[in-house]
Amino acid sequence: MSRIVLIVSALIAASWTTSVEAADLGYGQPYTVNQPLNMYSWAGPYLGGNIGWDWGSVDNNPTKPSGLVGGAQAGYNWQTGPWVFGIEGYLEATGASDTFAPWKFSNPWFGTVRGRAGYALNNILFYGTGGLAFGELSGQTFGLSESHTNAGWTVGLGAEVGFARNWSAKVEYLYVDLNDSNFVITGAQNGYRFGLLRAGVNYHF
């Protein structure tokens, strides 16, 4: 009987030690199905901010607005192994504008709702993205002003790095096409097409 007690006690002790060691393997993020236990997890919701620069041109007009961009983004990721899929939306305020006498065009704000798909090398994620874009194009000439909110599309590429528990940083390039609309003050179809390079940080819940 004493031998059986000793064997059972040894098994319990070994099981407890293994559990403690397994708990120490965590990377600081929730795990996902089909994902190795020692792999950084990109799954779940996140919220962040960004800053960048955009530059582009107005269709049927010589102006080329450019300027500082800043805003916030929110999204959700799903992960299976190294593959990461998600959806993200953001809203940006911009100082992009240009004057070519007698016209001035500016883009006060814009936003996107996009899908993302990428490949993770542990805490480094490379991804492509694309989806809906929308924003305001404002024109002025001879004291008259006119604004239109247009919808369009966007595509881009990015890279994101998890650098601390729940925190990541990213760099992203997007091409944005805000479709043409008829401006009375110019007598033409005007729309804004631009590139955007931005950096941001995200907090993962």
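Q: Which residue in β6 is the bridge partner of Ser138?
A: In this predicted model, Ser138 has Ser147 of β6 as its bridge partner.

Q: What makes strands β5 and β6 count as paired?
A: Pairing requires at least two bridges between two strands. Strand β5 (residues 124-141) and strand β6 (residues 144-164) are joined over 18 bridges, in the antiparallel sense.

Q: What is the strand order in the barrel, and is the pairing parallel or antiparallel?
A: Eight strands close into the barrel in the order β1-β2-β3-β4-β5-β6-β7-β8, with antiparallel pairing. Neighbouring strands of this sheet are turned by 20° against each other on average, direction ignored. Along the sequence, the protein chain reads α-β-β-β-β-β-β-β-β, which comprises one helix and eight strands.

Q: What makes the contact of Lys170 and Glu88 a salt bridge?
A: The cut-off is a side-chain nitrogen of Lys or Arg within 4 Å of a carboxyl oxygen of Asp or Glu. For Lys170 and Glu88 the N to O distance is 3.2 Å, so the pair qualifies.

Q: Why are Lys170 and Glu88 called buried?
A: Buried means under 20% relative accessible area. Lys170 has 4% and is therefore buried. Glu88 has 1%, so the term applies to Glu88 as well.

Q: How do you know that Glu160 and Arg116 form a salt bridge?
A: Their side chains meet at 3.3 Å, N to O, and the limit is 4 Å, so the pair is a salt bridge. It links distant parts of the chain, with Glu160 in strand β6 and Arg116 in strand β4 (residues 103-121), 44 residues apart. Both Glu160 and Arg116 are buried.

Q: Which residues are joined with Lys170 into one network of salt bridges?
A: Lys170 also forms a salt bridge with Glu172, where the closest N and O atoms are 4.0 Å apart. Both of these residues are buried. Through shared partners, salt bridges join Glu88, Glu92, Arg114, Lys170, Glu172 and Arg198 into one network. A search of the whole structure finds 11 salt bridges.

Q: What share of the residues counts as buried, and what supplies the exposed area?
A: Of the 205 residues of the protein chain, 41% count as buried. The chain exposes about 10,400 Å², and carbon and sulfur atoms supply 69% of that area.

Methods: Residues numbered from 1 in each chain as written. Predicted model: local features only at pLDDT ≥ 70, side-chain atom pairs only at ≥ 80, totals over all residues. Heavy atoms only, no water. Helix = DSSP H or I, 4+ residues; strand = E, 2+ residues; numbered from the N terminus. Axes fitted to C-alpha atoms, helices over the stretch in contact; angles between N-to-C directions. Buried < 20%, exposed > 50% of the residue type's maximum accessible area, 1.4 Å probe, protein only. Areas by Shrake-Rupley, 256 points an atom, 1.4 Å probe, with all protein chains shown as cover.
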